[in-house]
Amino acid sequence: MSLSPEQLTALALQIKHWALDLGFQQVGITDTDLSHTEEQYQQWIDAGYAGEMEYMWSHGTKRLRPAELVPGTLRVISVRMDYLPADTQLTEQLRNPEAAYISRYALGRDYHKVLRKRLQQLASKISEAIGPFGYRAFVDSAPVMERQLAEKAGLGWTGKNTLILNRQAGSFFFLGELLVDLPLPIDAPNEKNHCGKCSSCLDQCPTNAFVAPGVLDARRCISYLTIELKGSIPEELRPLLGNRVYGCDDCQLVCPWNRFAKVSTEPDFTPRHQLATADLVTLFLWDEATFLRKTEGSPIRRIGFERWLRNLAVSLGNAPSTIPVLEALKQRLNYPSELVQEHVNWALQQHKQR
């Protein structure tokens, strides 16, 4: 079906209305040209800053060229959805060394599923209006430069912490994309960089993971260490993790623009199983069946029970030397995993040295 320029303009406007009705907070449309980012991205890969994340380079140029990833793609519909749950005691949980801090995005239902379902519904609405067309939905699960595309589509600017920042919404939101073969009119990037001289995110990073403004060495990032890294957490970094057992929000928590972050009204992002306020000992003493049950439908499950225990052991090594902490660690001394045993022994050694 061939649409006139007037029909395409009307369709683009309708798509944005549909997206808002489906629970997205903002939507923009851009083309597929990311040539301006290719050199910088390759330099980042060549420097080794991606660590073990092989998927960041294993797809060749497809990550940087959406039309190679999905042949026929002409436009990218970029969307964002707020996820910050209400009253999750962010700073209180982070400051309590016996509490377990889980990144706020992971407290509810897996965002991949939530956003992908809505994007599919958006595609269905387009199809109902114009007939069959080519498309594919992505939510942080394929080689797509989602932040760069979001910036081009006018959803915000890239902050010094490498996240997309928005003047009306901060950065506590998810991104998703619908790659389509429709020549829709594109939106001009309408956000210049508003970070100015502020360096709060860079200064706050517990592990000094930022090599420079906008350049993250993932190998030092707590989110990478607790989620992506499959083996041992480097010993020199373990004390710096504090009580962060899954992800890290520090660079967002200190960002001045997050004064404008909106609390999500999406029921799927409501915290489950008291994970927003859990303590380290309780989580560490879960058996695997409990872990699987309480992380069902959660992004946390992707790391598996072994790495869950690894992360908690490190945080317990950083916790006060109370009887419950020490007894919990001792219960896992003979856990049938060299990875877990290594981190438990390290944690007990920390307490002996105090």
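Below we start with the salt bridges and then turn to the helix pair.

First, some ground rules. This is a predicted model, so to speak of a local feature we need pLDDT of at least 70, side-chain atom pairs count only at pLDDT 80 or more, and totals for chains, interfaces and linings use all residues. Residues are numbered from 1 along each chain as its sequence is written, and side-chain values use heavy atoms, with hydrogens and water left out.

A salt bridge here is a side-chain nitrogen of Lys or Arg within 4 Å of a carboxyl oxygen of Asp or Glu. By that rule, the count is 10 salt bridges. Take Arg118 and Glu266: their closest N and O atoms sit 2.9 Å apart. Arg118 belongs to helix α5 (residues 111–130) and Glu266 to the loop between α9 (250–253) and α10 (280–284), so this pair ties together parts that are 148 residues apart in sequence. Helices (H or I, at least four residues) are DSSP runs, numbered from the N terminus. Both Arg118 and Glu266 are buried, where buried means under 20% relative accessible area, exposed means over 50%, and partly exposed is in between (1.4 Å probe, protein chains only).

Next up is Glu228 with Arg302, a salt bridge whose closest N and O atoms are 3.4 Å apart. This one also links distant parts of the chain: Glu228 is in helix α8 (residues 222–228), while Arg302 is in the loop between α11 (288–294) and α12 (304–318), 74 residues away.

Arg244 and Asp250 make another salt bridge, at 2.9 Å from N to O. Arg244 has 10% relative accessibility, so it counts as buried, and Asp250 counts as buried at 3%. Elsewhere, Glu38, Arg65 and Glu68 join up in a network of salt bridges.

Now for the helices. Helix α1 (residues 5–21) packs with α5 at an angle of about 140 degrees, their axes 10 Å apart; axes are lines fitted to C-alpha atoms, for helices over the stretch in contact, and angles run from 0 to 180 degrees between N-to-C directions. On the α1 side, the contact (heavy atoms within 4.5 Å) is made by Leu11, Ile15, Trp18 and Ala19, and on the α5 side by Leu122, Lys125, Ile126, Ala129 and Ile130.

Terms used:
Helices (H or I, at least four residues) and strands (E, at least two) are DSSP runs, numbered from the N terminus.
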